[in-house]
Amino acid sequence: MIRHHLSDALLMGYSAGQLPEAFNLVVASHISMCDECRARLASFDAVGGALLDASVDDLGESDAAVPESSLAATMARIRAAGPVERTRPQVAPRRGLLPAPLSRYVGGDLDAIRWKPVGGGVRQAILPTDKAASARLLFIPAGAAVPDHGHRGTELTLVLQGAFSDASERFGPGDLEIATAADEHSPVAEQGMDCICLAATDAPLKFNTLLPRMLQPFLRI
Ligand code: ZN
Ligand code: ZN
């Protein structure tokens, strides 16, 4: 039962091919796990496709063809923003724990992940993406906390196994947490099962305690 979904902005950006590779990976992975967002994406794709057709058909009159709704206007602006050639990971059902778009980056399932310890029992594996944003897998032992931190940009965290809680909210398998520069948080993995997440950030995190801050350059968080 997924409770925390993709925002319209992320679905639009994904549909228009405007997200950094690391965010594309998180969006595609969530969509692989979530029927609701897969359906929402289909309608964003349809709107985008219709706009594209309209602007091609009406040569020069494309402005008149753009419907007035804010969604359509936003899609039009995104598409007008420039050439869009970012490839979008394919969405397919998952066979192991990892959604298909993710297992292609890892080169297999859980057993193929090359974890590196980052302290406190937490482990990470950085995934190869372009530099616009970074993506990593995080392993948080049951009951353990990720050090308290804030954000300079946007951080997307998708739960693949186990669960974590953050303030009063719980995030279980398939749930996506979207944290922005306004949020500071300290996610804690639930007891009973180790938590594995896919996280993407488009700017370095701001840690509130000294040790993680000193380690940051080495951990590339
Ligand atoms: Zn969803
Ligand atoms: Zn965070």
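## A hairpin to start

Strand 1 and strand 2 form a hairpin, with two residues between them. G120 sits in the turn and has a positive phi of about 65 degrees. The model is predicted: local features need pLDDT of at least 70, side-chain atom pairs count only at pLDDT 80 or more, and totals for chains, interfaces and linings use all residues. Residues are numbered from 1 along each chain as its sequence is written, chains are lettered from A and ligands numbered from 1 in the order in which they are written, and side-chain values use heavy atoms, with hydrogens and water left out.

Strand 1 covers residues 116–119 and strand 2 covers residues 122–127. The two run antiparallel, joined by three bridges. Two strands pair if DSSP finds at least two bridges between them. K116 stands opposite Q124 in strand 2. Helices (H or I, at least four residues) and strands (E, at least two) are DSSP runs, numbered from the N terminus.

Strands of a sheet pair through backbone hydrogen bonds, either parallel or antiparallel.

The bridge partner of T157 in strand 8 is E177.

## Salt bridges in the helices

How many salt bridges does the structure hold? There are three. A salt bridge is a side-chain nitrogen of Lys or Arg within 4 Å of a carboxyl oxygen of Asp or Glu. In one of them, the side chains of R40 and D8 meet at 2.7 Å, N to O. R40 lies in helix 3 (residues 35–57) and D8 in helix 1 (residues 8–15), so the pair ties together parts that are 32 residues apart in sequence. R40 is partly exposed, at 22% relative accessible area. D8 is also partly exposed, with 41%. Here buried means under 20% relative accessible area, exposed over 50%, and partly exposed in between (1.4 Å probe, protein chains only).

R38 and D35 form another salt bridge, at 3.0 Å, N to O. Both lie in helix 3, three residues apart, about one turn of the helix. R38 is partly exposed at 35%, whereas D35 is exposed at 57%.

## A bridge between strand and loop

The side chains of R170 and E190 also meet in a salt bridge, at 2.6 Å, N to O. This pair links distant parts of the chain, 20 residues apart. R170 is in strand 7 (residues 169–171). E190 is in the loop between strand 10 (188–189) and strand 11 (195–201). R170 is partly exposed at 45%, and E190 is partly exposed at 31%.

M12 and L41 are 29 residues apart in sequence. In space they are 7.9 Å apart, C-alpha to C-alpha.
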